[in-house]
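Please look at the sequence and the structure before reading on.

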Amino acid sequence: MKVDTPWIEDFVDALSQVTGQGEVPLHVPEFSGNEWTYLKDCLDSTFVSSVGQYVDQFEVELAKFTGAKYAVAVVNGTAALHVALELSGVQGNDEVLVPTMTFVATANAVRYCGATPHFVDCETSTLGMDVERLRLHLERISEIRGDQCVNRQTGRVIRAIVPMHTFGHPSDLNGLVKLAHEFKLVLIEDAAEALGSFYQGTHVGVFGRFGVLSFNGNKTITTGGGGALLTNDERLAKHAKHLTTTAKRVHPWEYFHDEVGYNYRMPNINAALGCAQLEQLPKLLIEKRNLYEQYKKSLGKLNGVTLLNEPEGCRSNYWLQTIMLSEGRQDQLTALLEFTNKKGQMTRPIWNLLHTLPSYSNAPRMDLRCAQDMAKSLLNIPSSAVLGRVAC
Ligand SMILES: *Cc1c(COP(=O)(O)O)cnc(C)c1O
(Lines give C-alpha, C1' and ligand atoms only; values in the text may rest on other atoms or scores of the structure.)
Protein backbone atom coordinates (compact mmCIF):
# COMPACT_ATOMS: atom_id res chain seq x y z
CA MET A 1 0.00 0.00 0.00
CA LYS A 2 1.24 3.43 -0.89
CA VAL A 3 0.23 6.39 1.26
CA ASP A 4 -1.07 9.26 -0.87
CA THR A 5 0.21 12.06 1.35
CA PRO A 6 -0.99 15.06 -0.73
CA TRP A 7 -4.50 13.66 -0.86
CA ILE A 8 -4.52 13.06 2.90
CA GLU A 9 -3.24 16.58 3.53
CA ASP A 10 -6.04 17.97 1.39
CA PHE A 11 -8.48 15.98 3.47
CA VAL A 12 -7.15 17.32 6.76
CA ASP A 13 -7.21 20.87 5.36
CA ALA A 14 -10.83 20.52 4.33
CA LEU A 15 -11.67 19.05 7.73
CA SER A 16 -9.99 21.79 9.73
CA GLN A 17 -11.65 24.50 7.63
CA VAL A 18 -14.77 23.42 9.49
CA THR A 19 -13.44 22.26 12.86
CA GLY A 20 -10.55 24.69 13.36
CA GLN A 21 -7.05 23.78 14.48
CA GLY A 22 -5.87 22.01 17.64
CA GLU A 23 -7.53 19.20 19.54
CA VAL A 24 -10.96 18.42 18.16
CA PRO A 25 -12.80 15.56 19.91
CA LEU A 26 -15.18 13.23 18.09
CA HIS A 27 -18.22 14.24 20.11
CA VAL A 28 -18.61 16.28 23.29
CA PRO A 29 -21.78 17.07 25.21
CA GLU A 30 -23.00 20.61 25.58
CA PHE A 31 -24.46 22.01 28.84
CA SER A 32 -25.72 25.46 27.98
CA GLY A 33 -29.23 25.38 29.43
CA ASN A 34 -30.79 24.53 32.79
CA GLU A 35 -28.38 21.70 33.63
CA TRP A 36 -26.84 23.39 36.69
CA THR A 37 -30.22 24.66 37.91
CA TYR A 38 -31.92 21.28 37.81
CA LEU A 39 -28.93 19.46 39.26
CA LYS A 40 -28.73 21.91 42.16
CA ASP A 41 -32.44 21.55 42.74
CA CYS A 42 -32.01 17.79 42.74
CA LEU A 43 -29.16 17.94 45.29
CA ASP A 44 -31.01 20.45 47.48
CA SER A 45 -34.01 18.13 47.57
CA THR A 46 -31.78 15.17 48.63
CA PHE A 47 -33.78 13.02 46.17
CA VAL A 48 -30.86 12.03 44.01
CA SER A 49 -31.53 8.33 43.67
CA SER A 50 -34.55 6.08 43.25
CA VAL A 51 -37.20 8.58 44.32
CA GLY A 52 -37.92 11.99 42.83
CA GLN A 53 -39.89 13.81 40.21
CA TYR A 54 -37.31 14.29 37.48
CA VAL A 55 -37.65 10.69 36.30
CA ASP A 56 -41.40 11.10 35.76
CA GLN A 57 -40.88 14.46 34.08
CA PHE A 58 -38.15 13.10 31.83
CA GLU A 59 -40.38 10.21 30.75
CA VAL A 60 -43.29 12.52 29.98
CA GLU A 61 -41.09 14.89 27.97
CA LEU A 62 -39.46 12.04 26.07
CA ALA A 63 -42.83 10.59 25.13
CA LYS A 64 -43.98 14.03 24.01
CA PHE A 65 -40.91 14.63 21.84
CA THR A 66 -40.87 11.21 20.20
CA GLY A 67 -44.62 10.77 19.90
CA ALA A 68 -44.41 7.43 21.72
CA LYS A 69 -47.33 6.85 24.08
CA TYR A 70 -44.94 5.76 26.85
CA ALA A 71 -41.29 6.16 27.74
CA VAL A 72 -39.55 4.28 30.55
CA ALA A 73 -36.21 5.68 31.69
CA VAL A 74 -33.48 3.22 32.67
CA VAL A 75 -29.77 3.16 33.60
CA ASN A 76 -28.45 2.81 30.04
CA GLY A 77 -29.36 1.83 26.52
CA THR A 78 -27.99 -1.68 26.89
CA ALA A 79 -30.34 -2.35 29.83
CA ALA A 80 -33.22 -0.95 27.77
CA LEU A 81 -32.39 -3.41 24.97
CA HIS A 82 -32.20 -6.29 27.44
CA VAL A 83 -35.61 -5.54 28.91
CA ALA A 84 -37.18 -4.89 25.49
CA LEU A 85 -36.01 -8.32 24.33
CA GLU A 86 -37.13 -10.09 27.49
CA LEU A 87 -40.59 -8.49 27.33
CA SER A 88 -40.81 -9.50 23.67
CA GLY A 89 -40.56 -13.13 24.73
CA VAL A 90 -36.96 -13.70 23.66
CA GLN A 91 -35.62 -16.67 25.62
CA GLY A 92 -32.88 -19.28 25.72
CA ASN A 93 -32.44 -21.15 22.45
CA ASP A 94 -34.07 -18.39 20.35
CA GLU A 95 -32.35 -16.48 17.60
CA VAL A 96 -32.65 -12.73 17.11
CA LEU A 97 -31.78 -10.94 13.88
CA VAL A 98 -29.29 -8.12 14.52
CA PRO A 99 -26.95 -6.19 12.23
CA THR A 100 -23.32 -7.20 12.20
CA MET A 101 -22.51 -3.52 11.78
CA THR A 102 -23.59 -2.11 15.12
CA PHE A 103 -22.26 -1.38 18.58
CA VAL A 104 -21.66 -4.59 20.56
CA ALA A 105 -24.54 -3.86 22.96
CA THR A 106 -27.15 -4.89 20.38
CA ALA A 107 -25.84 -8.46 20.29
CA ASN A 108 -24.86 -8.59 23.97
CA ALA A 109 -28.45 -7.84 25.02
CA VAL A 110 -29.59 -10.83 22.95
CA ARG A 111 -27.06 -12.99 24.76
CA TYR A 112 -28.24 -11.71 28.17
CA CYS A 113 -31.58 -13.38 27.34
CA GLY A 114 -29.78 -16.64 26.60
CA ALA A 115 -30.53 -16.25 22.90
CA THR A 116 -28.20 -16.18 19.89
CA PRO A 117 -27.71 -13.25 17.53
CA HIS A 118 -28.23 -14.05 13.86
CA PHE A 119 -26.26 -11.50 11.86
CA VAL A 120 -27.75 -9.42 9.06
CA ASP A 121 -25.98 -7.44 6.35
CA CYS A 122 -26.40 -3.71 5.74
CA GLU A 123 -26.96 -1.67 2.60
CA THR A 124 -25.13 1.48 1.60
CA SER A 125 -27.85 4.14 1.43
CA THR A 126 -28.97 3.93 5.09
CA LEU A 127 -26.21 1.75 6.60
CA GLY A 128 -29.14 -0.17 8.10
CA MET A 129 -30.35 -3.72 7.46
CA ASP A 130 -30.69 -4.73 3.82
CA VAL A 131 -34.33 -5.78 3.91
CA GLU A 132 -34.54 -7.31 0.44
CA ARG A 133 -31.48 -9.49 0.83
CA LEU A 134 -32.59 -10.45 4.35
CA ARG A 135 -35.93 -11.57 2.91
CA LEU A 136 -34.16 -13.83 0.41
CA HIS A 137 -32.03 -15.23 3.20
CA LEU A 138 -35.04 -15.97 5.41
CA GLU A 139 -36.94 -17.54 2.53
CA ARG A 140 -33.99 -19.84 2.02
CA ILE A 141 -33.23 -20.87 5.60
CA SER A 142 -36.48 -20.55 7.54
CA GLU A 143 -40.06 -21.71 7.55
CA ILE A 144 -43.16 -20.54 9.35
CA ARG A 145 -44.54 -23.10 11.78
CA GLY A 146 -47.75 -21.92 13.41
CA ASP A 147 -46.98 -18.34 14.35
CA GLN A 148 -43.23 -18.84 14.63
CA CYS A 149 -40.36 -18.47 12.26
CA VAL A 150 -38.03 -21.46 12.57
CA ASN A 151 -34.47 -21.56 11.29
CA ARG A 152 -34.39 -24.92 9.48
CA GLN A 153 -30.59 -25.05 9.69
CA THR A 154 -30.39 -24.70 13.49
CA GLY A 155 -33.88 -25.76 14.54
CA ARG A 156 -34.23 -22.62 16.64
CA VAL A 157 -37.05 -20.08 16.64
CA ILE A 158 -36.11 -16.71 15.16
CA ARG A 159 -38.10 -14.60 17.59
CA ALA A 160 -37.27 -10.99 16.92
CA ILE A 161 -35.51 -8.51 14.68
CA VAL A 162 -33.51 -5.54 16.00
CA PRO A 163 -32.59 -3.04 13.29
CA MET A 164 -30.29 -0.20 14.30
CA HIS A 165 -30.43 3.37 12.97
CA THR A 166 -26.75 3.84 12.25
CA PHE A 167 -25.27 7.20 13.30
CA GLY A 168 -28.85 8.52 13.43
CA HIS A 169 -29.82 7.66 9.84
CA PRO A 170 -33.17 5.84 9.86
CA SER A 171 -33.25 2.32 8.43
CA ASP A 172 -35.87 1.22 5.88
CA LEU A 173 -38.67 1.06 8.43
CA ASN A 174 -41.54 0.41 6.00
CA GLY A 175 -39.64 -2.56 4.65
CA LEU A 176 -38.74 -3.78 8.13
CA VAL A 177 -42.29 -3.53 9.47
CA LYS A 178 -43.54 -5.53 6.49
CA LEU A 179 -40.81 -8.14 6.77
CA ALA A 180 -41.36 -8.55 10.53
CA HIS A 181 -45.05 -9.09 9.89
CA GLU A 182 -44.48 -11.64 7.12
CA PHE A 183 -41.99 -13.67 9.12
CA LYS A 184 -43.76 -13.39 12.51
CA LEU A 185 -40.88 -11.50 14.11
CA VAL A 186 -41.14 -9.02 16.94
CA LEU A 187 -39.67 -5.70 15.81
CA ILE A 188 -37.50 -3.79 18.31
CA GLU A 189 -35.70 -0.68 17.10
CA ASP A 190 -32.24 0.01 18.47
CA ALA A 191 -32.64 3.77 18.20
CA ALA A 192 -29.82 4.41 20.70
CA GLU A 193 -28.13 6.77 18.24
CA ALA A 194 -31.25 8.27 16.76
CA LEU A 195 -33.02 10.59 19.18
CA GLY A 196 -34.27 13.40 16.94
CA SER A 197 -34.41 11.30 13.76
CA PHE A 198 -37.61 10.92 11.78
CA TYR A 199 -38.80 8.43 9.18
CA GLN A 200 -41.46 9.86 6.86
CA GLY A 201 -42.40 12.39 9.53
CA THR A 202 -42.61 9.93 12.44
CA HIS A 203 -39.92 9.74 15.09
CA VAL A 204 -37.97 6.48 14.98
CA GLY A 205 -38.41 4.02 17.86
CA VAL A 206 -42.19 3.75 17.63
CA PHE A 207 -42.53 1.45 14.61
CA GLY A 208 -42.23 -1.85 16.46
CA ARG A 209 -43.10 -3.24 19.86
CA PHE A 210 -40.29 -1.29 21.51
CA GLY A 211 -37.76 1.35 20.64
CA VAL A 212 -34.60 1.88 22.64
CA LEU A 213 -32.70 5.12 23.27
CA SER A 214 -29.33 5.85 24.89
CA PHE A 215 -28.21 8.95 26.77
CA ASN A 216 -24.59 7.96 27.18
CA GLY A 217 -22.09 10.81 27.30
CA ASN A 218 -21.28 10.60 23.60
CA LYS A 219 -24.87 10.57 22.34
CA THR A 220 -26.86 13.56 21.06
CA ILE A 221 -28.09 14.36 24.57
CA THR A 222 -26.77 12.82 27.75
CA THR A 223 -27.87 11.99 31.29
CA GLY A 224 -24.32 10.94 32.21
CA GLY A 225 -25.43 7.38 31.64
CA GLY A 226 -28.95 6.47 30.74
CA GLY A 227 -31.40 4.95 28.35
CA ALA A 228 -35.10 4.57 27.71
CA LEU A 229 -37.66 2.22 26.27
CA LEU A 230 -40.36 3.62 24.00
CA THR A 231 -43.62 1.79 23.40
CA ASN A 232 -47.23 2.48 22.46
CA ASP A 233 -48.49 -0.46 24.52
CA GLU A 234 -49.68 0.49 28.00
CA ARG A 235 -49.39 -3.02 29.41
CA LEU A 236 -45.82 -3.38 28.15
CA ALA A 237 -44.86 0.07 29.44
CA LYS A 238 -46.14 -0.83 32.92
CA HIS A 239 -44.38 -4.17 32.82
CA ALA A 240 -41.14 -2.52 31.70
CA LYS A 241 -41.36 -0.08 34.61
CA HIS A 242 -42.04 -2.94 37.01
CA LEU A 243 -39.25 -5.17 35.69
CA THR A 244 -36.68 -2.35 35.73
CA THR A 245 -37.51 -1.38 39.33
CA THR A 246 -36.88 -4.77 41.00
CA ALA A 247 -40.45 -5.98 40.34
CA LYS A 248 -41.60 -4.73 43.72
CA ARG A 249 -45.34 -4.64 44.32
CA VAL A 250 -46.56 -1.25 45.47
CA HIS A 251 -47.09 -1.36 49.22
CA PRO A 252 -46.49 1.15 52.04
CA TRP A 253 -43.87 -1.02 53.77
CA GLU A 254 -43.74 -4.57 52.46
CA TYR A 255 -40.95 -5.89 50.22
CA PHE A 256 -42.74 -8.26 47.92
CA HIS A 257 -41.18 -8.87 44.50
CA ASP A 258 -43.41 -10.88 42.19
CA GLU A 259 -40.77 -11.84 39.59
CA VAL A 260 -37.01 -11.59 39.06
CA GLY A 261 -36.66 -7.90 38.36
CA TYR A 262 -33.68 -5.72 37.60
CA ASN A 263 -32.24 -2.67 39.26
CA TYR A 264 -32.27 -0.76 35.99
CA ARG A 265 -34.04 2.37 37.19
CA MET A 266 -32.61 5.73 36.11
CA PRO A 267 -31.55 7.73 39.20
CA ASN A 268 -33.32 11.04 39.72
CA ILE A 269 -30.06 13.00 39.42
CA ASN A 270 -29.47 11.62 35.93
CA ALA A 271 -33.04 12.41 34.96
CA ALA A 272 -32.58 16.00 36.18
CA LEU A 273 -29.71 16.36 33.73
CA GLY A 274 -31.86 14.73 31.07
CA CYS A 275 -34.73 17.19 31.54
CA ALA A 276 -32.36 20.10 30.95
CA GLN A 277 -30.75 18.38 27.96
CA LEU A 278 -34.10 17.65 26.33
CA GLU A 279 -34.88 21.38 26.41
CA GLN A 280 -31.69 21.91 24.38
CA LEU A 281 -32.36 19.14 21.89
CA PRO A 282 -34.03 21.23 19.15
CA LYS A 283 -31.09 23.63 19.19
CA LEU A 284 -28.55 20.81 19.16
CA LEU A 285 -30.27 19.23 16.16
CA ILE A 286 -30.05 22.48 14.22
CA GLU A 287 -26.36 22.83 15.05
CA LYS A 288 -25.64 19.27 13.97
CA ARG A 289 -27.42 19.84 10.68
CA ASN A 290 -25.44 23.05 10.18
CA LEU A 291 -22.26 21.10 10.75
CA TYR A 292 -23.29 18.64 8.05
CA GLU A 293 -23.86 21.52 5.61
CA GLN A 294 -20.43 22.95 6.42
CA TYR A 295 -18.73 19.61 5.87
CA LYS A 296 -20.62 19.17 2.63
CA LYS A 297 -19.19 22.44 1.35
CA SER A 298 -15.61 21.75 2.34
CA LEU A 299 -15.30 17.97 1.88
CA GLY A 300 -17.53 17.98 -1.20
CA LYS A 301 -14.62 19.33 -3.25
CA LEU A 302 -12.44 16.29 -2.60
CA ASN A 303 -12.49 13.28 -4.82
CA GLY A 304 -12.67 9.78 -3.39
CA VAL A 305 -14.73 10.89 -0.39
CA THR A 306 -18.51 10.99 0.09
CA LEU A 307 -20.20 12.55 3.10
CA LEU A 308 -23.17 10.44 4.19
CA ASN A 309 -26.48 12.23 4.09
CA GLU A 310 -29.93 11.42 5.37
CA PRO A 311 -31.88 8.75 3.46
CA GLU A 312 -34.74 9.88 1.24
CA GLY A 313 -37.91 10.72 3.14
CA CYS A 314 -36.00 10.86 6.41
CA ARG A 315 -34.72 13.50 8.73
CA SER A 316 -31.52 12.41 10.48
CA ASN A 317 -30.20 13.78 13.73
CA TYR A 318 -26.70 13.64 12.20
CA TRP A 319 -25.37 12.21 15.45
CA LEU A 320 -22.00 11.22 13.99
CA GLN A 321 -20.85 12.69 10.69
CA THR A 322 -19.54 9.95 8.47
CA ILE A 323 -17.49 9.81 5.32
CA MET A 324 -17.25 6.91 2.93
CA LEU A 325 -14.10 6.32 0.91
CA SER A 326 -14.51 5.30 -2.70
CA GLU A 327 -13.23 1.86 -3.61
CA GLY A 328 -9.99 3.24 -4.97
CA ARG A 329 -9.31 5.06 -1.71
CA GLN A 330 -10.05 2.28 0.80
CA ASP A 331 -6.33 1.51 1.06
CA GLN A 332 -5.82 4.97 2.57
CA LEU A 333 -8.11 4.39 5.58
CA THR A 334 -5.37 3.49 8.06
CA ALA A 335 -3.13 6.33 6.95
CA LEU A 336 -6.07 8.72 7.17
CA LEU A 337 -6.80 7.57 10.74
CA GLU A 338 -3.15 7.96 11.73
CA PHE A 339 -2.73 11.37 10.16
CA THR A 340 -5.97 12.98 11.37
CA ASN A 341 -5.55 11.74 14.94
CA LYS A 342 -1.92 12.87 15.02
CA LYS A 343 -3.12 16.32 13.98
CA GLY A 344 -5.60 16.33 16.86
CA GLN A 345 -8.64 15.82 14.64
CA MET A 346 -10.29 12.85 16.26
CA THR A 347 -11.60 10.34 13.75
CA ARG A 348 -12.73 6.76 14.24
CA PRO A 349 -13.37 3.76 12.01
CA ILE A 350 -16.61 1.80 12.21
CA TRP A 351 -16.95 -0.86 14.94
CA ASN A 352 -15.32 -4.22 14.34
CA LEU A 353 -18.12 -6.21 12.75
CA LEU A 354 -19.79 -8.27 15.47
CA HIS A 355 -19.50 -11.61 13.69
CA THR A 356 -15.71 -11.20 13.85
CA LEU A 357 -15.64 -10.89 17.67
CA PRO A 358 -14.67 -14.01 19.64
CA SER A 359 -18.04 -14.14 21.46
CA TYR A 360 -19.96 -14.23 18.19
CA SER A 361 -17.70 -15.92 15.67
CA ASN A 362 -19.92 -19.05 15.60
CA ALA A 363 -23.23 -17.22 15.39
CA PRO A 364 -25.50 -17.83 12.38
CA ARG A 365 -25.47 -15.18 9.68
CA MET A 366 -26.44 -14.25 6.16
CA ASP A 367 -23.89 -13.27 3.56
CA LEU A 368 -22.27 -10.11 5.02
CA ARG A 369 -20.34 -8.78 2.06
CA CYS A 370 -21.71 -5.25 2.13
CA ALA A 371 -20.81 -4.71 5.79
CA GLN A 372 -17.38 -6.20 5.14
CA ASP A 373 -16.85 -3.72 2.35
CA MET A 374 -18.25 -0.76 4.30
CA ALA A 375 -16.01 -1.55 7.26
CA LYS A 376 -13.06 -0.71 5.04
CA SER A 377 -14.46 2.60 3.88
CA LEU A 378 -16.30 4.35 6.74
CA LEU A 379 -14.81 7.01 8.95
CA ASN A 380 -16.48 9.17 11.60
CA ILE A 381 -15.22 12.73 11.80
CA PRO A 382 -15.63 15.36 14.57
CA SER A 383 -19.36 15.75 15.16
CA SER A 384 -20.03 17.85 18.27
CA ALA A 385 -23.00 20.19 17.96
CA VAL A 386 -20.82 23.08 19.10
CA LEU A 387 -18.84 22.84 15.84
CA GLY A 388 -22.05 23.59 13.96
CA ARG A 389 -22.60 26.66 16.06
CA VAL A 390 -19.13 28.03 15.43
CA ALA A 391 -19.51 27.50 11.74
CA CYS A 392 -22.83 29.28 11.25
C1 LIG B 1 -24.82 3.67 22.51
C2 LIG B 1 -25.44 2.47 21.92
C3 LIG B 1 -26.07 1.47 22.68
C4 LIG B 1 -25.98 1.35 24.15
O5 LIG B 1 -26.19 2.41 24.91
P6 LIG B 1 -25.53 2.55 26.35
O7 LIG B 1 -26.38 3.63 26.94
O8 LIG B 1 -24.10 2.94 26.16
O9 LIG B 1 -25.70 1.26 27.08
C10 LIG B 1 -26.73 0.45 22.04
N11 LIG B 1 -26.76 0.36 20.71
C12 LIG B 1 -26.14 1.28 19.94
C13 LIG B 1 -26.22 1.13 18.47
C14 LIG B 1 -25.45 2.34 20.50
O15 LIG B 1 -24.82 3.22 19.71
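## The second largest cavity

The lining of the second largest cavity consists of Ala-192, Glu-193, Ala-194, Leu-195, Ser-214, Phe-215, Lys-219, Thr-220, Ile-221 and Asn-317. On a 1 Å grid over the protein atoms alone, a cavity is a set of points where a 1.4 Å probe fits but cannot get out, and lining residues have an atom within 4 Å of a point. By class, this lining has five nonpolar, three polar and two charged residues. Ala, Val, Leu, Ile, Met, Phe, Trp, Tyr, Cys and Pro count as nonpolar, Asp, Glu, Lys and Arg as charged, and the others, Gly among them, as polar.

The volume of the second largest cavity is about 30 Å³. Here a volume is the space filled by probe spheres set on the grid points, which are joined across faces, edges and corners.

## Basis of the model

The model is predicted: local features need pLDDT of at least 70, side-chain atom pairs count only at pLDDT 80 or more, and totals for chains, interfaces and linings use all residues. Residues are numbered from 1 along each chain as its sequence is written, and side-chain values use heavy atoms, with hydrogens and water left out.

## The largest cavity

There are two cavities of 30 Å³ or more. The largest cavity has a volume of about 60 Å³. Around the largest cavity are His-27, Val-28, Pro-29, Glu-30, Thr-220, Leu-284, Lys-288 and Ala-385. Four of these lining residues are nonpolar, two are polar and two are charged.

## The ligand and its contacts

The ligand is surrounded by 15 residues, each with a heavy atom within 4 Å of the ligand. The closest are Gly-77, Thr-78, Glu-193, Ser-214 and Lys-219. This shell has four nonpolar, eight polar and three charged residues. Helix H4 (77–86) and helix H5 (105–112) each supply at least two residues of the shell; helices are DSSP runs of H or I with at least four residues, and strands are runs of E with at least two, numbered from the N terminus.

Which atoms of Gly-77, Glu-193 and Lys-219 lie by oxygen atoms of the ligand? For Gly-77, a polar backbone atom is 2.8 Å from a ligand oxygen. For Glu-193, a polar side-chain atom is 2.5 Å from a ligand oxygen. For Lys-219, an N or O atom in the side chain is 3.2 Å from a ligand oxygen. The protein covers 92% of the 380 Å² of accessible area that the ligand has on its own, by the Shrake-Rupley method with a 1.4 Å probe.

## The pockets

The ligand takes up the space of the largest pocket. A pocket is an open set of grid points with protein on both sides within 12 Å along at least five of seven lines, and a molecule sits in a pocket if more than half of its atoms lie within 2 Å of the grid points. The largest pocket has a volume of about 510 Å³. Its lining has 28 residues, and Phe-103, Asn-218, Lys-219, Trp-319 and Trp-351 lie nearest its centre. H4, H5 and strand S15 (348–349) each give two or more residues to this lining, and H4 gives the most, with three.

The second largest pocket holds about 230 Å³ of space. One nonpolar, three polar and five charged residues line the second largest pocket, among them Lys-238, His-242 and Arg-265.

Terms used: A polar contact is a pair of N or O atoms within 3.5 Å; within protein, one must be able to donate a hydrogen and the other to accept it, and residues adjacent in sequence count only if both atoms are side-chain atoms.
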